[in-house]
Each structure stands twice: as structure tokens, then as C-alpha cells.
Amino acid sequence: MTTKVKPVYDPNGQITDHQKKSILKLCNYDMAFKDKLILQATNGATSSINKLTQAQATKIMRKFDGHKQAQPQESSHEANWGNFDPKNPQHVKILSVLRTANITIKHHRWGEVADMKGWFCHFLHSKRSPVQKPLNKMTKEEVTKIIVALEGVAVWKMSI
């Protein structure tokens, strides 16, 4: 029976398995998000978690204190306008229409989900969106306009 050797902190040493797991947990196991976070922490040097030093990993973990999910620093243009309220029936309708249009992404836990952070967020920013503001700040009438536009996208995507 072998016992694990307790890792010794070496600021320039390779990241430990525990640090890797902690960073992945902070990122909610979203690999694209993790890559973006690591790129930001390393000033664009790498997006690979395996190339981090222990000091860089510790810096990332301390920055987010392990109490909440990490959020990369983004400009207001890149912020997620697709955040939605699952208790709002209009927001749930948007999820349904996006799934109908096959505008989905893979999720490690839920399988395939509507692409709210990517496609939908970019749609809300675009000129093609009838209302260009975050979903959570829209009135009922504005959300209705978004739903009608998305239903048009779904019809178009089903026809091609």
C-alpha cells in the first residue's frame, strides 16, 4: 500500500492536481470559460491548465476566493446578455425556441442546452435583434419581440 506524497509548494513548480480540480470547479467545469480565465491570468501566454505554475494557480484561486464561481473580466459589450430567469415563462419560451432552432451547445451536466451565452448573447448585441439590451432588463413587450424574431429564425433554420 502506497501513500500519496503531500505536494510541496513551489511557486515555479508545475500546478498540482488539487489546484487543477479547484480551478475547474471555480469555472463550473466549463472548458471554454476555463481557457478564457487562464488566458486572462497569464496575460495571453497560455490557455492550458497544465502549463500553469503553482503561483499562477494560487493567484487564480485567491482572486476568486473559492466562494463563488469565477467571472472573467469582460467589457460591457461582451457581458452575457442572455442571462435569464427560469421562473419567467417568456424566458423559458426563448429556451424552447432556441432548442427548436437547434441553437444548442453541449453541457457537461445537462447534455445539450440552449446557447444563451454564445449565439443568443451575440444575437441580442446584433443589428438583427429587435431589442438590443440584456434579457433581464427587457419589458414583457420587448421580450415578446425577441420571441417573435427567434421564431422566425427557427422557421428559417428548419427550412434549410
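**A helix and its surroundings**

Asn-88 caps helix H4 at its N-terminal end, where a side-chain oxygen of Asn-88 lies 2.8 Å from the backbone nitrogen of Gln-90. Such a pair is a polar contact (N or O atoms within 3.5 Å; within protein, one must be able to donate a hydrogen and the other to accept it, and residues adjacent in sequence count only if both atoms are side-chain atoms). The model is a predicted one, in which local features need pLDDT of at least 70 and side-chain atom pairs count only at pLDDT 80 or more, while totals for chains, interfaces and linings use all residues. Residues are numbered from 1 along each chain as its sequence is written, and side-chain values use heavy atoms, with hydrogens and water left out.

H4 covers residues 89-100, which makes 12 residues. From first C-alpha to last, H4 reaches 16 Å, close to the 16 Å expected at 1.5 Å a residue; the expected span is 1.5 Å times one less than the number of residues. Helices (H or I, at least four residues) and strands (E, at least two) are DSSP runs, numbered from the N terminus.

Which residues of H4 are buried? They are Gln-90, His-91, Ile-94, Leu-95, Val-97 and Leu-98. Seen down the axis of H4, these buried residues fall within an arc of 165°, so they line one face of the helix. Here buried means under 20% relative accessible area, exposed over 50% and partly exposed in between, with a 1.4 Å probe and protein chains only; the arc is that of the directions from the helix axis to the C-beta atoms. An α-helix has 3.6 residues a turn, so residues three or four places apart point the same way. The buried residues of H4 pack against strand E2 (111-114), helix H5 (116-125) and helix H6 (140-159), a contact being heavy atoms within 4.5 Å.

Just after H4, Asn-102 takes a positive phi of about 60°. Asn-102 sits in the loop between H4 and strand E1 (104-107), and at 53% relative accessibility it counts as exposed.

Strand E1 pairs with E2 in the antiparallel sense over four bridges; two strands pair if DSSP finds at least two bridges between them. Three residues separate E1 and E2 in the hairpin that they form. One of the bridges joins Lys-106 to its partner in E2, Glu-112.

Helix H1 (residues 17-26) also has a buried side, made up of Gln-19, Lys-20, Ile-23, Leu-24 and Leu-26. They cover an arc of only 160° around the axis, which puts them on the same side of H1. The face of H1 turned away from this side carries the exposed residues Asp-17, His-18, Lys-21 and Lys-25. Just after H1, Asn-28 takes a positive phi of about 60°.

A positive phi is also found at Asn-43, a residue other than glycine, where the value is near 55°. Asn-43 lies in the loop between helix H2 (31-41) and helix H3 (54-64), and is exposed, with a relative accessible area of 75%.

For the chain as a whole, the secondary structure comes to six helices and two strands. From the N terminus on, the elements run α-α-α-α-β-β-α-α. The chain has 160 residues, of which 35% count as buried. Among contacts between residues at least 6 apart in sequence, 58% join residues at least 24 apart.
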